[in-house]
Protein chains: 2
Amino acid sequence: MSDVTTVLRGGTLLTLNASLDVLDDAAIGIAGDRIAWVAPGAAQPEVPPEATVIDMSGRLLLPGLVNTHTHLPMSLFRGLADDLPLKEWLEKHIFPAEAKFINPESVRVGTRLSVAELLLGGTTTCADGYSHANVVLSVAREMGLRGVFAQGIVDAPAPGVPDPSLHFTVLRRHLESRALGGVQVPAVFAHAPYTCSRETLLRAKDLAREYDALFFIHVAEARWELDWCRREREGLTPVRYLHRLGLLDSRTVLVHAVHVDEAEADLIAASGAGISVNTESNMKLGSGVTPIANYLERGIPLGLGTDGCASNNDLDLFLEMSQTARLSKLASGDPVKVKAADLVQMATRGGAKVLGLDRDIGSIEPGKQADIIALRLNRPHAQPLYNPYSHLVYSASAADVDWVMVGGDILARDGKLLKADTASIRREAVEWAGKIRGEQG
Amino acid sequence: MSDVTTVLRGGTLLTLNASLDVLDDAAIGIAGDRIAWVAPGAAQPEVPPEATVIDMSGRLLLPGLVNTHTHLPMSLFRGLADDLPLKEWLEKHIFPAEAKFINPESVRVGTRLSVAELLLGGTTTCADGYSHANVVLSVAREMGLRGVFAQGIVDAPAPGVPDPSLHFTVLRRHLESRALGGVQVPAVFAHAPYTCSRETLLRAKDLAREYDALFFIHVAEARWELDWCRREREGLTPVRYLHRLGLLDSRTVLVHAVHVDEAEADLIAASGAGISVNTESNMKLGSGVTPIANYLERGIPLGLGTDGCASNNDLDLFLEMSQTARLSKLASGDPVKVKAADLVQMATRGGAKVLGLDRDIGSIEPGKQADIIALRLNRPHAQPLYNPYSHLVYSASAADVDWVMVGGDILARDGKLLKADTASIRREAVEWAGKIRGEQG
């Protein structure tokens with residue numbers, strides 16, 4: 001134990017281990033980037049005199065949250081166009097704004113803003129999909145956010161790829177960056193069954209397999225997709241179509257999966273694929289209600305995602321937990337099936353499993369990476385606290401997070417980032433917003 | 001203008017006046033408890049040298065929020081019992097806890113905790129309904145929260161009223177306190193058509209009329225109420241039944257009003273009664289989706305309410321705005337009908353109208369009470385800010401509120417209460433929670 005460099009002592013610890021142990025007045029020993037030991041108050045190993053001891057009393061500690069679906073650069077479009085029908089929103093506002101304003105510099109600025117929001121809100125890992133994924137990945141690396149950064153693939157021009165025939169060249173180059181190591185890894189994001197041909201999907205998955213990369217795809221988000229796919233995609237619904245193409249396996253992540261019937265849920269469960277649930281975005285765009293209980297029953301790996309800031313308009317997993325729980329109760333009329341602890345698991349160990357990172361993150365256990373967050377409990381809404389899972393899902397907010405560690409590195413303290421200049425991040429974002437607003441006006 | 005004592009200068013001001021004017025770099029002159037003038041940057045009246053000038057640049061200013069339905073003392077039961085069926089939740093947890101633990105002292109402690117949460121979250125007016133309403137009212141008065149504080153009426157024993165025949169004696173005594181004046185006024189809360197007899201409802205409304213007090217009632221919250229009322233209440237649905245009894249008028253507030261058909265909405269519109277919409281509570285208890293668009297179309301006065309902390313589990317109107325907008329879009333499949341500005345109006349001028357306080361509060365206009373809040377915009381999630389209504393509904397959080405004024409009195413600055421000891425409020429609440437937990441264990 002002499003290699004323990006940091007000890008967190010006191011507070012209530014939600015380990016999110018397999019038995020969901022909750023320890024009062026616990027201590028966590030951290031050696032470098034990993035957790036060396038976790039112990040309740042009475043059984044703490046000796047602490048080396050040179051270790052830093054951090055007092056966490058009065059706080060709630062849990063694993064850093066995992067956001068399984070974001071489009072980080074889109075924070076520059078936060079609130080640009082709301083309360084509009086999807087088609088008008090996309091075609092008159094978002095696509096033109098992307099075509100005009102998305103370039104490596106704006107991607108860098110938008111991603112910096114988003115990573116600041118994620119870390120301050122207790123998210124330590126995210127899975128992103130966008131153009132210029134190499135820039136997104138490098139910003140995450142600079143700022144210390146762990147994650148999977150996927151390059152988007154679509155049968156059309158995209159920012160940075162005006163000639164669609166070059167998509168796979170750009171994608172391969174991005175996947176090559178895996179060789180550089182680090183806790184930010186590249187991946188593949190095929191946009192959707194309705195924007196990618198059969199050939200594109202198969203080729204993208206092949207390339208993902210070649211690099212052992214995750215393969216993401218938006219699927220069954222809106223009801224119209226079902227009819228469209230039945231008409232245009234071999235008479236099959238989206239999930240059945242992906243299954244027939246052999247795209248479902250444990251390295252595939254289905255994003256949204258709102259309109260999925262029980263037989264399709266069985267196919268997903270048998271394949272080992274994971275699902276990213278994006279309730280707030282699905283509500284705001286009027287898409288539908290994800291059948292969480294069906295997925296939980298089948299043991300499908302489930303994570304939460306915020307989607308991009310153009311359709312949410314935040315990157316807040318506390319809201320995502322709260323609203324997914326509430327909407328599940330409302331839609332099913334059954335307040336019992338989806339419980340607070342289910343949501344906290346989805347936001348931590350579930351998301352880690354979806355991303356294939358569950359050996360390293362998702363719980364606070366010896367041997368795992370030291371991705372840990374602490375919430376203050378000194379605001380009126382945080383008391384009384386009878387049940388920490390209820391507290392996290394139904395009462396807590398991202399603003400309660402006041403301490404964040406990723407891989408043993410303390411990135412936020414007292415609700416402030418320690419290694420990023422938030423004033424300059426904000427100033428750059430405001431400058432870009434000025435340009436974007438000018439065009440819209 | 002020489003009586004202006006305080007000037008707020010700079011920032012973006014959402015007046016919430018009838019034309020929803022938004023002023024950049026505005027100024028507000030305050031004389032005592034009232035707003036003397038509101039002016040854009042270039043047209044500011046001269047400021048008396050003795051006036052205090054407060055710099056609000058970089059902030060968003062708006063009227064204090066109005067919460068039209070709370071049970072403030074129930075914050076002591078926050079998170080005590082979640083993820084349970086309504087019947088089990090009520091009968092095995094909430095009712096026994098109320099019978100055992102609700103007394104004037106616990107009501108005082110729970111209300112103090114709730115008022116602290118309300119004020120810190122930007123709510124400056126609330127409408128409460130509970131037992132021991134005189135205690136709730138007096139705590140609100142001590143802490144400076146404006147509002148309507150209703151004594152509960154039901155055909156059964158209640159905390160403080162073990163003998164149901166004494167309910168009206170207690171109620172009349174509470175209503176007499178109106179004569180004392182002040183911005184905290186007493187009112188009547190008849191629990192529901194299914195817990196009050198016809199005679200009780202009529203008598204309660206008569207007493208409300210005698211004192212010109214508001215009459216609140218929970219109505220059409222859950223679907224089972226419809227069948228129950230048709231069977232037990234003259235063959236009528238709840239709203240039709242209240243209409244037949246002559247209980248609908250401009251001094252009546254219908255709380256929930258989830259299961260209401262178009263003809264009933266017409267009856268409500270014609271009567272002048274207002275509605276308190278409680279989306280988060282309705283979701284968590286699986287009650288249903290309030291037909292906001294039907295109400296907006298008819299011009300029915302509409303406010304937002306959080307309900308009590310046992311069923312929400314917070315008093316946060318920012319979440320209420322966000323979730324009401326999102327759920328309305330999801331349920332109707334129409335993202336256009338209910339817009340961000342509608343929600344901000346419901347949380348301010350709409351709520352004021354529901355409570356009959358619209359001559360005094362709900363907007364920032366000369367002659368109105370100086371109930372004003374300011375939000376900081378320096379967190380990553382607050383930028384870019386293209387549209388302040390979108391920002392408030394889809395991105396902002398209660399934790400962004402950092403300055404609160406009620407009736408010209410500054411109650412919070414830098415997110416901290418200036419006139420209440422939050423540490424002692426928290427300590428008392430934790431002590432009570434210990435007793436309550438002991439019993440539950």
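How many residues does the contact take from chain B and from chain A? In this predicted model, local features need pLDDT of at least 70 and side-chain atom pairs count only at pLDDT 80 or more, whereas totals for chains, interfaces and linings use all residues. Residues are numbered from 1 along each chain as its sequence is written, and chains are lettered from A and ligands numbered from 1 in the order in which they are written. The contact takes 51 residues from chain B and 51 residues from chain A, two residues being in contact if their C-beta atoms, placed from the backbone, lie within 7 Å. On the side of chain B that touches chain A, at least two residues each are supplied by helices H2 (104–120), H9 (279–284), H11 (317–332), H13 (388–395) and H14 (422–440) of chain B, and the largest share, 7 residues, comes from H14(B). Helices (H or I, at least four residues) and strands (E, at least two) are DSSP runs, numbered from the N terminus. This side of chain B divides into 24 nonpolar, 14 polar and 13 charged residues, where Ala, Val, Leu, Ile, Met, Phe, Trp, Tyr, Cys and Pro count as nonpolar, Asp, Glu, Lys and Arg as charged, and the others, Gly among them, as polar.

Chain A has 14 helices and 19 strands, and its C-alpha trace spans about 65 × 45 × 45 Å along its principal axes. Buried residues make up 58% of the 441 residues in chain A; a residue is buried if 20 or more other C-beta atoms, placed from the backbone, lie within 10 Å of its own. Of the contacts in chain A with a separation of 6 or more, 73% are accounted for by residues 24 or more positions apart.

Within chain B, helix H3 (residues 133–143) has among its buried residues Val135(B), Val136(B), Leu137(B) and Val139(B). The cover over the buried residues of H3(B) includes H2, strand S9 (123–130), strand S10 (146–153), helix H4 (167–176) and strand S11 (184–190) of chain B. Gly144(B), with a positive phi near 95 degrees, follows H3(B).

The contact of H11(B) with helix H12 (residues 340–354) of chain B forms a right-handed crossing, to which H11(B) contributes Leu317(B), Met321(B), Thr324(B) and Ala325(B), and H12(B) contributes Ala340(B), Leu343(B), Val344(B) and Ala347(B). A crossing is right-handed if the near helix is turned clockwise from the far one by less than a right angle. By class, this contact has 7 nonpolar, 1 polar and no charged residues.

Terms used. Buried ≥ 20, exposed ≤ 12 C-beta atoms within 10 Å, placed from the backbone.
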